[in-house]
Every structure is written in structure tokens, then in C-alpha cells.
Amino acid sequence: MFKKILIANRGEIAVRIIRACHEMGIAAVAVYSDVDRASLHVRKADEAYPIGAPAASESYLNIQKILDVAARSRADAIHPGYGFLSENAKFAKACADAGVKFIGPTPAAMDAMGSKTRARQAMERAGVRFVPGTLRGLESFEQAEQVAARIGYPVMLKAAAGGGGKGMRLVHAPEELKSLLEAARSEAERSFGDSEVYIERAIVNPRHIEMQVLADEHGNTVYLGERECSLQRRHQKVLEEAPSPIVDADMRRKMGEVAVRVAQAAGYTNAGTVEFLVDQQKNFYFLEMNTRLQVEHPVTELVTGLDLVHLQIRIAAGERLPFTQDEVQIRGHAIECRIYAEDPDNNYFPSPGKITLLLAPSGPGIRRDSGMYEGWTVPMDYDPLLDKLIGYGTDRDQAIGRLTRALNEYFVAGIKANISLFRRILSDPDFRAAKMDTGFLDRLLKQKRSESPADPKAVEVGVIAAGIFAVLGSAAAGAGERPGANDAASSNPRAASNWKIAAHKEAMR
Amino acid sequence: MTYDITIDGKNYRLDLNRAEGRWSCRLDGREVEVDAVLARPDVLSVRIGNKAYEVKYERVAGEMYLWVGSARFAAEVRDPRSLRGRARAVEDHGPKKLIAPMPGKIVRVLVSQGDEVEAGSGVLVVEAMKMQNEIKSPKKGTIQKILVSEGAAVNAGDVLAIVE
């Protein structure tokens, strides 16, 4: 078993991996960029090494610097987390060359699945049904026209090297094809350095259902149940759940067996996810495979009782899977909310800044995977994911109830967070009835929110509390009371202290 | 202590006294039975009669907010007796500063000094994290001063413009 693991990541996932290391008696090495010195993952690690400027290319994406830290710290393995270098075959190979075990699949498996066109070709060879369209990049506009006419509009143009919704264009009619193809190509070139674009039939209102797979290095591959990830905004997942409300045991087995075939076709080892699009007739089509641990892995952990990061480490250390497919049970229901530092009242504009107050929920059925803490300043240099709040229950209704309760307990001050978005989603009748597809969130956000008038009792309490805070003055002051740069009190310090003195006098009367 | 408090656009007069750790409270002349305990800085546990509330205090960019449960209210508290209180009251009807909510760059200035603006009309556009954010005027009035120009880098809390 490894003695020391370097976590080539930051934020909540780095904390989660460090915790797994400590649970297994393994030392954890953290790396941090200049803006991450006070991060939670640095505080939780056993060793921490600075790796330079905030820009990812200079720090968390810098292969040389990461391997340099691995050598200096004598780490015997590297866990890449998700994002950053987790699906970078060059990095995986560089680790192997440096004699450090990469906790994840082999470079060859990453390559096989990393290009969406190559993955589709592999699916054709393996007899796996995939979303109809081309297997290779489009060579010309004329070819695109022909294929689109054959498979029928609407069609989706997608970047072969793509992800996160970039390089994707939905084409409704032949007249749009030329300009959208050019747009997709140039965006793909800009985002991934590769303008290869292919074409797929666009499934109407699909559900996005993905299957977790796990394979050891001895030829054993299993599926661990599916996750429904249809709630997306601009192709970014916002809320995920396990199991999918529309997948019964039979469909799970069928999708799981296909997912295992896909993993085997790629020579896959360690943890991975096979993504499917499911149409309204419950036909499922291979979409792509993600060759890493995913953000939403906690929902699978909760319904299976398995610790995926522990298993990743054990597989990388050469152990066999400690259970068979038959022993995998799905129990209960879990729903995850991705809490971002974004302003829901201002088009989800990122909201970095200092967290002046944090009242975080806990209690039955609540799991929080977090990288934030009260007093921390959210940097603006990275994806503003604050934490993942997961509700678990014996069934979907209980999971929703617990998560709703936890969201009502959740309070963050000093920055804006998208907590209110989840209250909206969880109270939506269609969501509660599990009527979801990838267009759900866009439709929900388009709805005009009826501004319910302020509850007069709450206003009354607010007035009284405002007065009480004023009377208590500096005694009540937390970080929230520190005057801002433009605060009248700070611009007139004598006035501020007079007010505080008066408050003290009153309080002592 | 007496305060003039504005919440949700309405004004209230609050008389508050504390004796032997107990509060007595009169809201717009009406007596209210209040029991309040500071749980931790910025967090108040309030009982009104037997109903319980958790109230959080937040100060962002010079504005004060109170959260009663999950409902947020912008609030202003003025002590009508103090000189500063009176000056503050005048100030509230006076010029308002537009503050940069986060670090970024001014990409567009939409108005000029002397322009008339409505509450909510755009004054400047700040860009940060590859997104653009329009800073709007908080009130109807005239642009008294613009303190930044296009291309300027700003920090959170910087005064960008003044509307009077």
C-alpha cells in the first residue's frame, strides 16, 4: 500500500482525497498556488508545497512542477482529482516514467476514450449502441450537409476533443448548418486546440444518465449503479441524484452491462463513468466516457455504501476488487447540490470574496464535501465550487425533505451563493415528480419568479433585530461588522467610536 | 435607545432598552415582548412571545442586511438624537456611491457627469472572470461624478461613481 500520496488538485476534492488518505493511514501531500495558501486542503495535508502563480497553467496544470513536488516529497502515488490533469494522458505517462503511480486509468485507456470520435469508433467495434451520427470528424461542409439530411434535424455539432459544452452547436434547420459549423470549429480550436467537429442526431429532451464503473488491474470490472444528471445549465451539471427515478433493476442491469463492455473495450482500469443519453422511450445511447472520478461521486457512495476514493487507491496499489457484481446493492436515494459562489439574482455572475459568516447544515442524511470555511477568501482564479451538499434518505421524497431542510439551515455571508436556486428546484412540482430532462433547468429559470411580499412578521423581527445589533454594537461584531472601504463609520472614525461608546453606555445601564 | 429603522422601503421607530439582561421594546409605539441572545458574533437568537427566529447580520459593500431565517432585508439604522444620526439621515437622501462589487476592469462607462438617471439604469460595466456586470444606479438622480475611466482596474469596495 502507498505510504504517501500527492493530490494534484485543490478545493473540495483535494480535501476529500486527503481525508481518504488519512482514513487509510497514508500521508497526504498538497500543492497550492499563491492564492491558495490559506485553503482548507493545505491545512488538512501533512505536507504542502507551493507551486507558483494562480493561473492554472502555471500551477495545477504544470506537469513539471507537480512531478517535481512528487520527487521532493517522495510521494509514491498521485491522485489527480477531477478536472486539471485528471484526463491528461501525457501527465499519466509522465507519472509512469517518473516511477510514481497515477491513481486512475492508463494513458492508453485515456486516449481511447478522450477523443469522442475515437470513442465512438471503439463503440462501433464493440457493438455498443451510440447516438447516431459520424464516427469521424467532418471533412467538409458538404459531408455535414449529407449526414445531417440522412440522420434528420435537429442535429448536434460537437468537438471531438471537447467538454463542458464548448464547441457544441445545436442545428435546427439546414440553413443554419454552415455558420454553426464554422462557429463550432473555431470555438473548439480556441478551447481545445483542435478544430475536429463531428455530428450527432440531437435527441429531443433527453435525460442524461451515467453509469459508474470500477475496474481493478486484474481484469475485474463492475458497474456501481447510475446517476441522473439531467439538471444542467449551459451543459454544466447543477444537481445530480442516484438512482435515476426512471431506471428500474432491469434497465440498470442492461445499462450496467453495456458500460462494463465499454470499459473493457477501452482496457479501462480504476474508476470511470460511462455517459448515456436516454430518450423518451427509455432507449439509451452511449454518449462518452469520462476517464476520472467525477464531481458527483458522493451520490453513488451513499446509495452503495462504498468509498470510491478508498477503492481507487486500493486498485492503484494492485489490490483486487473486494466484492463481486452480485454483491453491489443500491439502497436509498441521494441527491447532490453543487453550491457555487455565484449570484442567482445577477445571471449567476461569479461572486468571489471573503466569507464573513458560515452556518453550515448537518444532521441526519446530510453530507457536505466542502473546501470552504468561515473567514476564507474565495479566489476568483478558479471554478467557484464552494461545496457539494448531499441529502440521503430511504427514498427520494425523504432525500428531498432532508436536503430542503439542510438548505434552509445553510447560510453564507460575505459572498453570494446559489443556494436559493436549489430551494426553487426542490420545491418545483415537476422535479418532485421526477419529470426531468436536460432542458428542465433552462425552462425553470425562464419562469418569472412571483415576488412574494415580505412576511410582515419577518420584517418586524428584522426591525427589532437591527436595533438590537445596533445596541450591542462592537460586542456583536463579527467579520460582518468590519467597516468596508466606503462605510461612513470608517471614513469618520471619531463618529464611529462615539457611536460605539454610546452603545456601550446604553448596554451597561 | 431610540432608532429610526428603514427595512423593505418602510420606516419604523424602535425604542429599545435593556435592563438586567432583559430587553424591553416598543415598535412604532406598540409594546413587543422580546427575548434576544447573541449566539455568536452576527447571529442573534430572537424570541417574540414564544416564536423563535434566527437572525443573521451581514454587511456587504457598505450596505447592511438582516436575514430572518432565509429571508433577506436591506436595513438602515439611524439614531435620531445624535448629530451623526441626523447627518446620516440627510446623507441617505443625498448622494449615493456606486461601489465595485468585486475586483475587475471597467470596460464601459455608460453615462457622463451631469446625466440624469433612473433607479436601476446602467452606469458602468465591470468585467471580471470573463463575465460582464452592469453596475446600476441605486436611485433616480444626476451623475455627480465618475471616478473611473474605461480600462481602469478596480478593487472590491472602490467608489466608481456618485449619484445625487
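**Figure 1. Surface and overall build of chain A in the predicted model.**

**Figure 1. Surface and overall build of chain A in the predicted model.** Taken along the principal axes, the C-alpha atoms fill a box of roughly 85 × 55 × 45 Å, and 58% of the 509 residues count as buried. When contacts between residues at least 6 apart in sequence are considered, 65% of them join residues at least 24 apart. Chain A carries 65 positive and 65 negative side chains, and the centres of these two sets lie 2 Å apart.

Figure 2. Once neighbours within four places in sequence are left aside, the residues in contact with A:Arg368 include A:Arg19, A:Leu358, A:Ala360, A:Pro361 and A:Tyr410. A:Asp387, A:Lys388 and A:Leu389 are also among the contacts of A:Arg368. For A:Lys388, the C-alpha to C-alpha distance to A:Arg368 is 5.7 Å, although the two residues are 20 residues apart in sequence.

Figure 3. A:Ser230 belongs to strand β10 of chain A, made up of residues 221-233, and is buried, with a relative accessible area of 1%. The side chain of A:Ser230 makes a polar contact of 2.6 Å with the side chain of A:Glu228. Not counting residues up to four places away in sequence, A:Ser230 touches A:Arg207 and A:His208 as well as A:Met436, A:Asp437 and A:Thr438.

**Figure 4. Two cis peptide bonds in chain A.** One cis peptide bond joins A:Tyr153 and A:Pro154, with omega at about 0 degrees, and this proline is found in the loop between α7 (141-151) and β6 (155-159). Another cis peptide bond joins A:Ala242 and A:Pro243, where omega is about -5 degrees. A:Pro243 lies in the loop between β11 (236-242) and α9 (249-265) of chain A.

**Figure 5. Residues of chain A with positive phi that are not glycine.** A:Arg74 is a residue other than glycine with a positive phi, near 60 degrees, and its place is in the loop between α3 (63-73) and β4 (77-79) of chain A. With a relative accessible area of 71%, A:Arg74 is exposed. A:Asn347 likewise is not a glycine and has a positive phi, of about 55 degrees; it lies in the loop between β15 (342-343) and β16 (349-350). At 46% relative accessibility, A:Asn347 counts as partly exposed.

Figure 6. The secondary structure of chain B consists of one helix and 17 strands. The radius of gyration of chain B is 19 Å, well over the 15 Å that the globule rule gives for 164 residues, so chain B is more spread out than a compact globule. Along its principal axes the C-alpha trace of chain B spans about 55 × 35 × 20 Å, and 41% of its 164 residues count as buried. Of the contacts in chain B between residues at least 6 apart in sequence, 42% join residues at least 24 apart. The accessible surface of chain B comes to about 8700 Å², with 47% belonging to carbon and sulfur atoms, and the mean positions of its 26 positive and 24 negative charges are 2 Å apart. Within this chain, B:Arg59 is placed in strand β7, residues 51-60, and at 17% relative accessibility B:Arg59 counts as buried. A polar contact of 2.7 Å links the side chain of B:Arg59 to the side chain of B:Tyr57.

Note on methods
Residues are numbered from 1 along each chain as its sequence is written. Chains are lettered from A and ligands numbered from 1 in the order in which they are written. This is a predicted model: local features need pLDDT of at least 70, side-chain atom pairs count only at pLDDT 80 or more; totals for chains, interfaces and linings use all residues. Side-chain values use heavy atoms; hydrogens and water are left out. Helices (H or I, at least four residues) and strands (E, at least two) are DSSP runs, numbered from the N terminus. The radius of gyration is taken over C-alpha atoms; the globule rule is 2.2 Å times the number of residues to the power 0.38. Buried means under 20% relative accessible area, exposed over 50%, partly exposed in between (1.4 Å probe, protein chains only). Contact means heavy atoms within 4.5 Å. Accessible areas come from the Shrake-Rupley method with a 1.4 Å probe; for residues, only the protein chains shown count as cover. Lys and Arg count as positive and Asp and Glu as negative; His and the chain ends are not counted. The place of a charge is taken as NZ of Lys, CZ of Arg, CG of Asp or CD of Glu. A polar contact is a pair of N or O atoms within 3.5 Å; within protein, one must be able to donate a hydrogen and the other to accept it, and residues adjacent in sequence count only if both atoms are side-chain atoms.
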